[in-house]
Amino acid sequence: MESQIKVEFEINAVGEETINGYDSSFKKYEIARTKNLSKSLTLGELEDIINELFQEIQSAYEKPEHLTANIVIRAKKQENKIIYLG
């Protein structure tokens, strides 16, 4: 498990929509996931995971105005060594 890092993914799709009886309205879909990944993971492999999540959220919300991804890796320094949390 030491060669693994817990990575948190948050994917958001947001857009304005028209609803009768309201002056303005917005719709938001969100996916939040965690995954233990190898420390040797490349940026390209991380982009592949993000694209899979983008495709998943777009199946529920076809054309959002904004589609974003947040990726979090939590770490702390302990005795001159980086310790990954999670």
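User: Is Asn-80 buried or exposed?

Analyst: This is a predicted model, in which local features need pLDDT of at least 70, side-chain atom pairs count only at pLDDT 80 or more, and totals for chains, interfaces and linings use all residues. Residues are numbered from 1 along each chain as its sequence is written, and side-chain values use heavy atoms, with hydrogens and water left out. Buried means under 20% relative accessible area, exposed over 50%, and partly exposed in between, with a 1.4 Å probe and protein chains only. Asn-80 has a relative accessible area of 73%, so the residue is exposed.

User: What is the relative accessible area of Glu-79, and where does Glu-79 lie?

Analyst: Glu-79 lies in the loop between strand E4 (75–78) and E5; strands are DSSP runs of E with at least two residues, helices are runs of H or I with at least four, and both are numbered from the N terminus. Asn-80 lies in the loop between E4 and E5 as well. Glu-79 is exposed, because its relative accessible area is 75%.

User: Which phi value does Asn-80 have?

Analyst: Glu-79 has a positive phi of about 50° although it is not a glycine. Asn-80 is not a glycine either, and its phi is positive, at about 60°.

User: Which residue does Glu-8 meet in a salt bridge, and how many residues apart in sequence are the parts that the pair ties together?

Analyst: The side chain of Glu-8 meets that of Arg-74, at 2.9 Å from N to O. Glu-8 lies in strand E1 (residues 4–17) and Arg-74 in the loop between E3 and E4, so the parts tied together are 66 residues apart in sequence.

User: Which residue forms a salt bridge with Lys-27?

Analyst: Lys-27 is partly exposed, because its relative accessibility is 27%. The closest N and O atoms of the pair are 3.9 Å apart, and the partner is Glu-17.

User: Is Thr-68 buried or partly exposed?

Analyst: Thr-68 lies in strand E3. Its C-alpha atom is separated by 10 Å from that of Leu-53, 15 residues apart along the chain. The relative accessibility of Thr-68 is 38%, so this residue counts as partly exposed.

User: What is the relative accessible area of Glu-47?

Analyst: Glu-47 is in helix H1 (residues 43–60). Glu-45, Glu-47, Asp-48 and Glu-52 gather in a surface patch of negative charge; patches of charge are made of residues with over 30% relative accessible area and no salt bridge, like charges being joined within 9 Å. Glu-47 is partly exposed, because its relative accessible area is 44%.

Definitions and conventions:
Patch = residues over 30% accessible without salt bridge, like charges linked within 9 Å, V, L, I, M, F, W, Y side chains within 5 Å. Areas by Shrake-Rupley, 256 points an atom, 1.4 Å probe, with all protein chains shown as cover. Salt bridge = Lys/Arg side-chain N within 4 Å of Asp/Glu carboxyl O. Lys, Arg positive; Asp, Glu negative; His and termini not counted. Charge placed at Lys NZ, Arg CZ, Asp CG, Glu CD.
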